[in-house]
Amino acid sequence: MKPLTRKLFTALLILLPFLEAKADDLTTLLLTWQRDPSTTMTVQWIRTSNRPATRQLHFWKEGEEATQTVKVPSKALKAWRGHRLHRVELTGLEPDTTYRFRVHKSEREFAFRTLPKTLSRPLRIAVGGDTLHRREWMDAVNQQVLKHDVDFVVIGGDLAYADGLERNLSRWDTWFESLHETLIYPDGRLLPMVVAIGNHEVQGGYFFSHATYENSDKWRERVAPYFYQLFAFPGHPGYNVLDFGDYLSLFMLDTDHSHPIEGQQTEWLKEALAERAGGKRHLIPVYHVPGWPSHRPFDGRVSARVRENWVPLFERFDVQVAFENHDHTYKRTEPIRNEAIDPERGIIYVGDGAWGVGTRPTHDPDETWYLKRAESEHHFILMTLNPNGSLDFKAIRKEGDTIDSWEIP
Ligand SMILES: [Fe+2]
């Protein structure tokens with residue numbers, strides 16, 4: 001090796017760790033849960049590199065000095081060439097506690113808060129869907145969320161509008177940038193996010209638009225690569241339930257996108273609801289296509305399948321509220337049971353996904369028996385679980401004012 005080449009080679013060896021450190025893109029930090037939200041936290045980020053590497057994550061209880069360090073390996077993002085995902089599930093955490101953390105060599109501190117084991121304080125959740133047509137709309141709603149000290153965020157599908165396609169990857173960059181710049185507290189606290197799948201996560205939108213459909217993880221990963229690789233939960237087969245202590249179960253469902261509504265998913269839902277029903281636990285389904293649409297026709301194919309397959313189960317197992325999306329409006333239904341208004345035992349369906357997308361005209365509530373409210377407004381829904389078992393709801397517009405509020409005692 002010539003002396004100059006050797007010098008360059010040595011310099012490269014010295015610089016490489018620093019170049020690699022820079023490639024850890026902490027603007028892609030995402031928190032979620034795969035198990036008990038009172039004692040675990042899943043932390044992940046993306047690194048722009050083809051090279052496998054292990055990173056360290058240092059975390060400590062806020063206000064204390066004892067630091068724990070975990071190793072975080074990386075996995076190639078198959079559908080995102082030149083990118084690797086670092087993901088770790090922290091376990092054995094204390095409930096309702098703030099932890100701070102640092103990644104690898106970055107000096108920047110971030111934070112998260114675990115959830116309580118029992119509902120000893122009000123728990124606030126920001127719920128919505130359909131997040132990114134335009135960055136400025138998504139940012140505006142994110143900024144309103146930050147004003148309400150929420151514990152976490154639930155998005156019912158249609159996240160980046162990338163349609164499962166490589167040519168739309170820049171939309172995922174924009175989606176992560178929006179979270180990083182407008183959904184993070186000044187002290188670095190990030191809000192965990194629980195997501196459901198929507199048509200814009202999937203090539204073709206729905207399983208029935210593919211002649212090649214097969215019920216396999218491999219097939220789902222082919223048509224919705226980014227949803228399955230970027231989000232640890234719900235994971236395969238596209239639907240799952242997350243249990244929060246003894247007070248809440250969130251059912252994240254797939255409305256015909258990468259898994260059919262009827263059959264296996266509905267059978268699973270029946271058992272999962274039955275196992276959790278009958279106590280003080282709130283059973284709350286979240287999914288993309290509405291059973292009770294506020295913009296699209298009532299007899300739409302997927303909406304009808306939601307009503308035929310899932311609504312009878314929701315009614316049988318005493319669901320009180322379900323979150324729907326996809327129609328790009330704000331809506332709240334009347335309390336519904338047996339396809340009629342039932343003020344005593346009816347279920348209220350709330351939606352309809354207008355976090356950061358162009359809003360659409362709504363059906364007229366005066367002429368649509370099941371609609372109590374319907375408005376073409378960007379918003380999120382602030383749901384508060386109170387220790388006495390009641391639920392409060394507020395629909396908060398992107399300008400910050402409350403356009404609707406109600407409670408379930
Ligand atoms: Fe949609």
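**Before you start**

The model is predicted: local features need pLDDT of at least 70, side-chain atom pairs count only at pLDDT 80 or more, and totals for chains, interfaces and linings use all residues. Residues are numbered from 1 along each chain as its sequence is written, and side-chain values use heavy atoms, with hydrogens and water left out.

**Stop 1: the whole protein**

Show the protein as a cartoon. Look for eight helices and 23 strands. Both are DSSP runs numbered from the N terminus: helices are H or I with at least four residues, strands are E with at least two. The C-alpha trace spans about 85 × 50 × 40 Å along its principal axes. The radius of gyration, taken over C-alpha atoms, is compared with a rule of 2.2 Å times the number of residues to the power 0.38. For 409 residues, a compact globule would come out near 22 Å, and the protein agrees because it has 22 Å.

**Stop 2: surface and interior**

Switch to a surface. Buried residues (under 20% relative accessible area, 1.4 Å probe, protein chains only) make up 59% of the 409 residues.

Now colour by charge. There are 51 positive and 57 negative side chains, and the centres of the two sets lie 9 Å apart. Lys and Arg count as positive, Asp and Glu as negative; His and the chain ends are not counted. Each charge is placed at NZ of Lys, CZ of Arg, CG of Asp or CD of Glu.

**Stop 3: helix α2**

Select residues 135-146, which form α2. Its end C-alpha atoms are 17 Å apart; twelve residues at 1.5 Å each should span 16 Å, so the two agree. The expected span is 1.5 Å times one less than the number of residues. Nine of the twelve residues are buried, including Trp-137, Met-138 and Leu-146. Show their neighbours. The buried residues pack against β9 (123-128), β10 (152-155), α3, β21 (379-385) and β22 (391-397). Contact means heavy atoms within 4.5 Å.

**Stop 4: helix α3**

Move on to residues 169-182. This is α3, with 14 residues, reaching 20 Å from its first C-alpha to its last. Among its buried residues are Trp-172, Trp-175, Phe-176 and His-180.

**Stop 5: Arg-47**

Finish at Arg-47, in strand β2 (residues 41-48). Is Arg-47 buried or exposed? Arg-47 counts as buried because its relative accessibility is 0%. Then pick Trp-268: its C-alpha atom is separated from that of Arg-47 by 36 Å.

Key
Buried < 20%, exposed > 50% of the residue type's maximum accessible area, 1.4 Å probe, protein only.
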